[in-house]
Amino acid sequence: MDRCGHHKRGCRSALSASITLVSALRSLVIKERPTSQRRLAPEPGMKPIIIGTAGHIDHGKTSLVKALTGIDADRLEEEKRRGITIDLGFAHLELVAPSGEKLRLGFIDVPGHERFVRNMLAGVGGMDMVLLVIAADESIKPQTREHFEICRLLSISRGITVITKADLVDEDTLSVVKLEVDDFVRGSFLDTARSPIVSVSAITGAGLDELKHEIVRLAADVPARDTDAILRLPVDRAFVMKGFGTVVTGTLIAGKIKKEEEVEIFPEKKRARVRGLQVHGAATDQAVAGQRTAVNLSGVQLEELGRGMTLASPDTLGTTQRLDVQIGIHQRIHQALLVRQAQGACQVRLDDVRIQQQHRIVRFQRQ
Ligand SMILES: Nc1nc2c(ncn2[C@@H]2O[C@H](COP(=O)(O)OP(=O)(O)OP(=O)(O)O)[C@@H](O)[C@H]2O)c(=O)[nH]1
Ligand SMILES: [Mg+2]
């Protein structure tokens, strides 16, 4: 790709704006807790923030999470063997903002490989902010675009663009990549007028402090989640843990969950008891909205659980056969959207992509 010429025009002002922003933020002070304290149960009053990664394969998402938190989010043996992320990975870090507010950052690391985009999709729901990771030696690639569009379609409203592998390129190349990225995110939730571009190296550690400053700055605007609302925990993993039994994990998106309480698993409407709870790997009696939570359940088998289900308080949710669906189309897809009702089935067709359900379209309205 010719990185020069085209991108050199008209981008200086945006670049200088981001430099001004960065210098203004240097006055922030962040206190980091020693590693030995990081597995303690979160203190009450600590603000939970969920941060997701996004970006092309091998652009350094997992390495960045590890450089920030010290935790390797690639937990599967196959991931370690192949050197790629396959499924969602998790890590956490506590920071204290200059205001004294304590932040509990939960990271969700997603795979960049195009074949695992379904797993990426399962991770992005519930994120408070995203780190869009772009490698300095490759710049914008297909899954950079795809993940960015997914974040936009899911209305993620906060994020930071992180240029990784800054140690692999010279200053001139880095500047050109920044200009390309500036152009790419213009007009979006990552526009440099409100979201910075930070360049880092997971190898040398360069830029990591600045990135933490920016995370803390954005975290201040993340609204607190409603801990008094009805408990809802969408399941993103279910597994059996030796000596404990069935465990599900997910981001608690509303309400709170307590040890020993009864929960209902939707849509199966199966009841179970909360035998144990963990937040970021530490045992606790209660988890609140915004926290990454693992729930040890009794009265339910692994086969009855899976990604996509929701844990809630008994009798608080209902299942339905009628949905209002708003279909958003990826900006770069120009093919016509075809929605039709055929033989009692609803068919949504987009070029060669088909979504077919044995349900009926009651009304279709084009906006
Ligand atoms: N030189 C250099 N190498 C890096 C840096 N960050 C990551 N790498 C290397 O790039 C390769 C891919 O890094 P990962 O962190 O696994 O990339 P990823 O984006 O998580 O990859 P997927 O999850 O498979 O999409 C590894 O060999 C890393 O060591 C960096 O800042 N500098
Ligand atoms: Mg990875």
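This is a predicted model: local features need pLDDT of at least 70, side-chain atom pairs count only at pLDDT 80 or more; totals for chains, interfaces and linings use all residues.
Figure 1. Although Ala-220 and Glu-101 are 119 residues apart along the chain, their C-alpha atoms are separated by 8.8 Å.

Figure 2. Ser-175 belongs to helix H6, which spans residues 171-185. This serine is classed as partly exposed because it has 17 C-beta neighbours inside 10 Å. Its C-alpha atom lies 9.5 Å from that of Ala-136, a residue 39 positions away from Ser-175 in sequence.

**Figure 3. The shell around ligand 1.** Ligand 1 is surrounded by 19 residues, of which Gly-60, Thr-62, Ser-63, Thr-85 and Gly-112 are the closest. By residue class, the shell comprises six nonpolar, nine polar and four charged residues. Helix H2 (residues 61-69) is the element that gives the most to this shell, contributing three residues.

**Figure 4. Helix H2 and its covering elements.** The helix that gives the most to the shell around ligand 1 is itself mostly covered, with seven of its nine residues buried. The buried positions are Lys-61, Thr-62, Ser-63, Leu-64, Val-65, Leu-68 and Thr-69, so that Thr-62 and Ser-63, two of the residues closest to ligand 1, also count among the buried residues of H2. The cover over these buried residues includes the strands E2, E3 (89-96), E4 (102-109), E5 and E6, together with helix H7. Just beyond the end of H2, Gly-70 adopts a positive phi of about 80°.

Figure 5. In strand E5 (residues 129-135), seven of the seven residues are buried. Met-129, Leu-131, Val-133 and Ala-135 point one way from the strand, whereas Val-130, Leu-132 and Ile-134 point the other way, and the residues of both sets are buried. E5 is joined to strand E2 (residues 47-54) by four bridges in a parallel arrangement, with Ala-54 standing opposite Leu-132. Six bridges join E5 to strand E6 (residues 159-164), and these two strands likewise run parallel; here Val-130 stands opposite Gly-159. Between E5 and E6 the chain passes through helix H5 (residues 142-153), giving a β-α-β crossover that is right-handed.

**Figure 6. The nonpolar cores.** The largest nonpolar core contains 51 residues, and Ile-51, Leu-132 and Val-162 are those with the most contacts inside it. Strand E5 supplies the largest share of this core, namely seven residues. Leaving aside residues up to four places away in sequence, Val-162 touches Leu-64, Leu-131, Leu-132, Val-133, Val-198, Val-200 and Leu-211. A separate second core has 20 residues, among them Leu-231, Val-248, Val-274 and Val-288.

**Figure 7. Strand E12 and its antiparallel neighbours.** In a regular strand the side chains alternate between the two faces of the sheet. Four bridges join E12 to strand E13 (residues 270-279), with the two strands running antiparallel, and the bridge partner of Glu-262 in E13 is Arg-273. These two strands form a hairpin with three residues between them, and in the turn Lys-269 has a positive phi of about 60°. E12 is also joined by three bridges to strand E17 (residues 310-312), again in an antiparallel arrangement, and Ile-265 stands opposite Leu-311 in E17.

**Figure 8. Overview of the protein.** The protein contains seven helices and 20 strands, and 35% of its 367 residues count as buried. Among the contacts between residues at least 6 apart in sequence, 72% join residues at least 24 apart.

Notes:
Residues are numbered from 1 along each chain as its sequence is written. Chains are lettered from A and ligands numbered from 1 in the order in which they are written. A residue is near a molecule or strand if its C-beta atom, placed from the backbone, lies within 6 Å of it. Ala, Val, Leu, Ile, Met, Phe, Trp, Tyr, Cys and Pro count as nonpolar, Asp, Glu, Lys and Arg as charged, and the others, Gly among them, as polar. Two strands pair if DSSP finds at least two bridges between them. A residue is buried if 20 or more other C-beta atoms lie within 10 Å of its own, exposed if 12 or fewer, and partly exposed in between; C-beta atoms are placed from the backbone. A crossover is right-handed if, with the strands pointing away from the viewer, the path from the first strand over the helix to the second runs clockwise. Two residues are in contact if their C-beta atoms, placed from the backbone, lie within 7 Å. A nonpolar core is a set of buried Ala, Val, Leu, Ile, Met, Phe, Trp, Tyr and Cys residues joined through C-beta atoms within 7 Å.
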